[in-house]
Amino acid sequence: MKSKPSHAECCSHDPETETEFKNEIHSEHDGHDHESTVPEWKSHWDLLLALLILIVSLTLEYGFDIEFPTAINLSIYGIAYLLAGWNVLYLAFRKVKRFDLFNEFSLMSIATIGAFLIGEYSEGVAVMVFYSIGEWFQDSAVRRARRSIKALLDIRPGTVTVIRNGREIRVSPRTVELGEIIIIKPGEKAALDGKLISESASFNTAALTGESKPDSKYAGELILAGMINLNTVAQVSVTALFGDTKLSQILSMVQDATARKSQTQLFVSKFAKVYTPVVFFLALSVCLLPYFFVDNYEFNTWFYRSLVFLVISCPCALVVSIPLGYFGGIGLASKNGILFKGGNFLDVMTKINLVVMDKTGTLTKGVFKVQKVFAEKMDENEMVRIVTSLEMNSTHPVARAIVKYAGDITPTKTESVEEIAGQGLIGLVDGRRVLAGNTQLLKKYSIGYPQEINESSTTKVHIAVDHVYAGYITIADEIKDDSAGAIKSLHALNIKTVMLSGDSQSVVDEVASILGINSAYGDLLPENKVQKVEELKKAGWNLAFVGDGINDAPVLALADAGIAMGGLGSDVAIETADIVIQNDKPSKIVDAILIGKITRKVVWQNIILAMVVKVSVLALGAGGIATLWEAVIADVGVALLAIMNAVRIQRMKL
């Protein structure tokens, strides 16, 4: 069977050896693991023919009492056996050459050849046929799971309309250069990232965020590949090449995720490595030990029972259905706008009992507006001009808000600008030393300011010019619509919440009070956040940290699970995080935890189902009650049930 190499990889004991092994098989037998238009049944004609021979032979024997001589029976069933099992025998042989004696292919080869040796031809063929059919379905399910994950995200159109030499032409998005203008017509998907040139347009962002609610975009705002234009022709200036779009990065993350194994997968791999040789020796014991304890010992009878033992003990249900379960969890998360960078993080989320969150951009919208300007010892417009000149050197949301507020004010020359993480900016503007930031920055440079400012519950950017306090700009941020609901849902799951922020303690306390957060800490620099998270971890908490900025990257890396807000989040935060929330909604934190719990539940259902069925039939086989028929049906049956249970994860609704 041409699908076998992919299954060999699933059941591997030595990944490097198996990868080399798989490549060799592919070079000799071009399998249908490649994307192909050939129907799967055509690439399994040999297996289907073997099944037909088996059915016809059994019908003649038991339906019409037609029995052929032994030699003819052996020839007919021998042909069917080779058609169904040549690939299994080949794989077993290749593995033995590599001194890998204990594997599922050897199990099946020994069991079926043994059946032929004692004259049980039909049963030997049946075991090989149904085992191979089971393998076919398993391989197909694995490929389908991988394809469905990719299909959730790889929704980029194959062509794009670009303006070149004043003409609109259709080209591959791979050929479009930075700065070129593309046209997105109503109903079309954006193929590339870029800034909207048109005055406005409405887009469906479901492919990226999991939300089908229309999102209005205005001139200068970012349009991402995968968004669907809903209402008017839109012109977009390309800001990222095809391979560098956010969607391409997301797709790469998810594809990499399927290769990162969870602890459960790693355990099952180790278990199978020990389990298979143990089964071999137990089967040998079932055959030989009764000789010393049983009267009228018959070798054929006990040999047959040992063959049953070998067939039912095949670990396929475990080694295939468990990775499928994690593929399903990653797929369900992707469908809901959450990217897990590995199956291991699905497991981690089930153990989380504390969620630590940044404030700005995580619980609040991170879209600031200037509310008030207060100049103490200089002209208000002059203060805004010099602050704007300084803030133009930063990409922080507060800086962008001040620049936007300033409008058409002509900036002046700046020099030696330095951004101090968690505090603000310092630099020379028109030769004057200007500071713009929080009270921590003022204290650092020993600049006096009115003490009543410390009691304020609003966010302020304080300005000092030539070491003299000059005034402040009040900035307002808005709490996200679903933040309160997310905190409430986390508490309902018995998960504690903590907020860490660089804002003043009074501002942080007010937000925490509104949202119902258990504990909140303000006036924190990035290194203070790291210290606080280290303290919480030492106290025994299994914690997830949720953030969006560059300064959150160290804490994201330190947490048991780092969760980045992918829409407003910085590239550094997204790269460092283990999980990315694409639509920036805090409620998705709860969804990520629930998806982890769903996946773990299904995986353990499969483990328990497989072990209960196998142990039961092993006992029946050793006692002479179960035959090879029951063994192969139980083995294939439990594998298919486990697969169906695993693939249903992607269809679940939260």
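This section describes the fold, nonpolar cores, sheets and salt bridges of a predicted model.

Local features were taken at pLDDT of at least 70 and side-chain atom pairs at pLDDT 80 or more, whereas totals for chains, interfaces and linings use all residues. Residues are numbered from 1 along each chain as its sequence is written, and side-chain values use heavy atoms, with hydrogens and water left out.

The chain has 24 helices and 22 strands. Both are DSSP runs numbered from the N terminus: helices are H or I with at least four residues, and strands are E with at least two. Of the 654 residues, 53% count as buried. Buried means under 20% relative accessible area, exposed means over 50%, and partly exposed lies in between (1.4 Å probe, protein chains only). The chain exposes about 29100 Å², of which carbon and sulfur atoms supply 57%. Accessible areas come from the Shrake-Rupley method with a 1.4 Å probe; for residues, only the protein chains shown count as cover. Contacts (heavy atoms within 4.5 Å) were also counted by sequence separation. Among those with a separation of 6 or more, 68% join residues 24 or more positions apart.

In soluble globular proteins, nonpolar side chains tend to be buried together. A nonpolar core is here a set of buried Ala, Val, Leu, Ile, Met, Phe, Trp, Tyr and Cys residues joined through side-chain atoms within 4.5 Å. The largest core holds 53 residues, and Val 125, Val 311 and Leu 628 touch the most other members. Helices that each supply at least two residues of this core include H4 (45–63), H5 (70–97), H7 (121–153), H23 (587–622) and H24 (628–647). Residues up to four places away in sequence aside, Val 311 touches Met 108, Ala 111, Val 127, Leu 628, Ala 631, Val 632 and Asp 635. A second, separate core has 42 residues, among them Leu 332, Ala 592, Ile 598 and Ile 607.

Strands of a sheet pair through backbone hydrogen bonds, either parallel or antiparallel. Two strands count as paired if DSSP finds at least two bridges between them. An open sheet of 6 strands runs in the order S12-S17-S16-S15-S14-S13, with antiparallel pairing. Strands S12 (369–375) and S13 (414–420) stand at the edges with a single partner strand each, so one side of each lacks a neighbour in the sheet. The twist averages 15° from one strand to the next. Within this sheet, S15 (residues 432–437) and S16 (residues 459–465) pair in the antiparallel sense over 4 bridges. Leu 435 stands opposite Ala 464 in S16. Helix H16 (residues 397–406) packs on the sheet and touches S12, S16 and S17 (468–476); the direction of H16 makes about 75° with that of S12. Axes are lines fitted to C-alpha atoms, for helices over the stretch in contact, and angles run from 0 to 180 degrees between N-to-C directions.

Strand S21 (residues 561–565) has parallel partners. Strand S20 (residues 543–547) joins S21 through 4 bridges, running parallel. Here Val 546 has Ile 563 as its bridge partner in S21. S21 also pairs with S22 (residues 579–581) in the parallel sense over 3 bridges, and Met 565 has Ile 581 as its bridge partner in S22. In S21, 5 of 5 residues are buried. Ala 561, Ile 563 and Met 565 cover one side, Gly 562 and Ala 564 the other, and all are buried.

A search of the whole structure finds 11 salt bridges. The criterion is a side-chain nitrogen of Lys or Arg within 4 Å of a carboxyl oxygen of Asp or Glu. Glu 180 and Arg 164 form one, at 2.8 Å from N to O. Glu 180 lies in the loop between S2 (167–171) and S3 (181–184) and Arg 164 in S1 (residues 160–164), so the pair ties together parts 16 residues apart in sequence. Glu 180 is buried at 16% relative accessible area; Arg 164 is partly exposed at 24%. Arg 170 and Glu 188 form another, with the closest N and O atoms 3.5 Å apart. Arg 170 lies in S2 and Glu 188 in the loop between S3 and S4 (194–196), so this pair ties together parts 18 residues apart in sequence. Arg 170 is partly exposed at 47%, as is Glu 188 at 23%. Lys 532 and Glu 535 meet at 3.6 Å, N to O. Both lie in helix H20 (residues 526–538), 3 residues apart, about one turn of the helix. Glu 382, Arg 385, Asp 430 and Arg 432 are linked in a network of salt bridges.
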